[in-house]
Amino acid sequence: MAFLALPTRRGLLLLLLLAAAVVLPPWFGVYHTRFATQIAIYGMAALSIDLLLGYTGLITFGQAALFGVGAYAAGMLTVSGFTNALVVWPLAILVSMLFALAIGSLSLRTRGFQFIMVTLAFAQMVYYFAQSLRNWGGDDGFTVPQRNDLGFLSLADHTTFYYVVLALLVLVLWLSQRIVRSEFGLVIRGIRDNERRAAAVGFPPYPYKLVVFVIAGGIAGLAGALMANHAKFVSPAVLSWQLSGELLAMVILGSANSLVGPILGAAFFLAFRDVLSDFTEHWMLFFGPLLVARVLLMKDGIWGLLVRATGADGKRGVPKVDFPETGAATPNPTPGASP
């Protein structure tokens with residue numbers, strides 16, 4: 001896999017994290033297996049946002065709509081009698097990508113704050129549309145009678161389903177890394193850094209950003225389909241803008257522009273919420289200052305901190321910044337000054 005081509009220490013760190021994900025959750029029992037499954041699903045959804053935020057510079061509040069569309073598509077197909085995952089999950093991805101194409105083709109004509117608000121508006125439209133589906137439970141949602149199966153493999157067992165989700169997460173991570181390391185990935189990062197300069201050298205930003213938006217929508221749709229199978233329940237809550245905010249928080253916590261970071265951010269966020277919510281329903285009061293501290297004190301998030309702590313970055317004392325283009329520009333040297 002591509003991540004094995006990274007420096008040895010970083011590759012070993014990723015392998016250790018993967019080994020822990022393979023061994024530990026089932027060893028701790030059903031509850032922790034289900035919790036790890038939830039982390040993997042939300043980590044996949046957060047990774048889709050990282051493709052937009054970290055590599056394309058697009059801040060979106062509409063990713064939950066695509067996540068929810070995938071969940072609704074998978075749930076409706078399952079209730080209608082289609083139980084083969086090889087049919088249901090690709091269809092859920094396709095529907096989410098079509099929604100992403102429709103939303104992105106309009107919203108990407110705007111920039112900055114306007115783009116954020118347009119994606120939020122589209123997400124709320126989808127949310128209220130789901131609430132109006134009275135035949136599918138309306139605001140209460142509906143129950144999915146069973147998990148999908150892979151034909152030869154039943155996913156009813158929690159451990160089996162967890163390993164399938166984990167395998168899909170690794171596959172999505174690998175494909176995403178191939179994308180961002182390709183020539184296409186270089187172009188979208190160039191567009192992130194300077195749209196006008198990219199357009200001037202022959203790379204029009206709009207079609208490239210639209211392709212990334214659709215790819216991210218497909219990943220979010222797959223995560224939504226997996227969540228419908230995991231919870232065996234679908235409701236408009238999976239389409240809410242609050243979920244988009246939580247996914248953004250996971251990316252910020254873990255480190256944008258890293259792919260692995262959002263998965264770690266999802267693990268931290270869900271563990272923090274799970275522990276604090278046992279003591280108070282106002283756990284967000286404690287999470288808010290933590291998020292502010294991360295932005296002010298940790299320029300590279302959980303993943304960057306872990307990489308530097310293990311010496312896997314190959315550097316000492318120079319943290320990776322999530323968005324290097326926002327850093328202070330180095331002034332041009334004064335003529336005649338020493339280099």
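**Helix packing and salt bridges in a predicted model**

Helix 10 and helix 12 are oblique to each other, because their axes cross at roughly 45 degrees. The structure is a predicted model.

**Packing of helix 10 and helix 12**

- Two packed helices are described by the angle between their axes and by the distance between those axes.
- Helix 10 covers residues 241-254 and helix 12 covers residues 284-297; their axes come within 9 Å.
- The crossing in which helix 10 passes helix 12 is left-handed.
- On the side of helix 10, the contact is made by Ala 249, Ile 252 and Leu 253. On the side of helix 12, Phe 287, Leu 291, Arg 294 and Val 295 take part.
- Of the residues in this contact, 6 are nonpolar, none is polar and 1 is charged.

**The salt bridge of Arg 111 and Glu 195**

- The side chains of Arg 111 and Glu 195 form a salt bridge, with an N to O distance of 3.3 Å.
- Arg 111 belongs to the loop between helix 4 (85-107) and helix 5 (112-131), whereas Glu 195 belongs to helix 8 (residues 195-200); the pair therefore ties together parts that are 84 residues apart in sequence.
- Arg 111 has a relative accessibility of 52% and counts as exposed, because the cut-off for exposed is over 50%.
- Arg 111 and Glu 195 are also linked with Lys 209 in a network of salt bridges.

**The salt bridge of Arg 192 and Asp 193**

- Arg 192 and Asp 193 form a salt bridge in which the closest N and O atoms are 3.0 Å apart.
- Arg 192 has a relative accessible area of 13% and is therefore buried, since buried means under 20%.
- Asp 193, at 41% relative accessibility, counts as partly exposed.

**The salt bridge of Glu 246 and Arg 273**

- A further salt bridge joins the side chains of Glu 246 and Arg 273, at 3.8 Å from N to O.
- Glu 246 lies in helix 10 and Arg 273 in helix 11 (residues 260-276), so this pair links distant parts of the chain, 27 residues apart.
- Arg 273 counts as partly exposed, because its relative accessibility is 22%.

Note on methods: Residues are numbered from 1 along each chain as its sequence is written. This is a predicted model: local features need pLDDT of at least 70, side-chain atom pairs count only at pLDDT 80 or more; totals for chains, interfaces and linings use all residues. Side-chain values use heavy atoms; hydrogens and water are left out. Axes are lines fitted to C-alpha atoms, for helices over the stretch in contact, and angles run from 0 to 180 degrees between N-to-C directions. Helices (H or I, at least four residues) and strands (E, at least two) are DSSP runs, numbered from the N terminus. Angles under 35 degrees count as roughly parallel, over 145 as roughly antiparallel, 65 to 115 as roughly perpendicular and the rest as oblique. A crossing is left-handed if the near helix is turned anticlockwise from the far one by less than a right angle, and right-handed if clockwise. Contact means heavy atoms within 4.5 Å. Ala, Val, Leu, Ile, Met, Phe, Trp, Tyr, Cys and Pro count as nonpolar, Asp, Glu, Lys and Arg as charged, and the others, Gly among them, as polar. A salt bridge is a side-chain nitrogen of Lys or Arg within 4 Å of a carboxyl oxygen of Asp or Glu. Buried means under 20% relative accessible area, exposed over 50%, partly exposed in between (1.4 Å probe, protein chains only).
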